[in-house]
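My entries follow the display.

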Amino acid sequence: MARLIHLFFALLVIGPILIWLGAAAGALTLANAFGCTIHEGFANPCLVAGTDWGEAAYTLGLLAAWGPLIFAPVVMGAAMLWALFAAVRALLRRRTDRP
């Protein structure tokens with residue numbers, strides 16, 4: 001059960017960071033490789049292989065820019081809860097291991 005809880009906390013800590021990095025990489029790829037203009041004001045046309053990716057580029061740009069403000073409380077809260085869980089578990093193990 002403890003292993004599942006550790007996995008859950010690891011996903012809560014690492015998952016949002018990976019989502020933010022993916023959004024930043026996607027926005028940079030669309031901007032640099034395809035010459036799309038991405039900013040926070042509004043969606044600009046962005047043609048990739050004949051398809052307009054303007055709204056997706058706008059969304060990725062917003063998530064890349066504001067992601068740390070959105071995800072930081074989640075990541076920090078989950079990390080603190082994970083540390084508290086690990087500390088309590090270590091104290092309980094230590095208590096039961098005494099002769």
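These are my notes, from the whole chain down to a single side chain.

**Ground rules.** I am working with a predicted model, where local features need pLDDT of at least 70, side-chain atom pairs count only at pLDDT 80 or more, and totals for chains, interfaces and linings use all residues. Residues are numbered from 1 along each chain as its sequence is written, and side-chain values use heavy atoms, without hydrogens and water.

**Fold.** I found two helices and two strands. I took helices (H or I, at least four residues) and strands (E, at least two) as DSSP runs, numbered from the N terminus. The order along the sequence is α-β-β-α.

**Form.** I looked up the radius of gyration, taken over C-alpha atoms; the globule rule is 2.2 Å times the number of residues to the power 0.38. The protein has 20 Å, whereas a compact globule of 99 residues would have a value near 13 Å. Along the principal axes, the C-alpha atoms fill a box of roughly 70 × 25 × 15 Å.

**Burial.** I counted a residue as buried under 20% relative accessible area (1.4 Å probe, protein chains only).

**Asn 44.** I then went to the loop between helix H1 (2–34) and strand S1 (47–48), where Asn 44 lies. Why is Asn 44 counted as buried? Because its relative accessibility is 15%. Beyond four places in sequence, Asn 44 is in contact (heavy atoms within 4.5 Å) with Thr 37, His 39 and Gly 54.

Note on methods. Buried means under 20% relative accessible area, exposed over 50%, partly exposed in between (1.4 Å probe, protein chains only).
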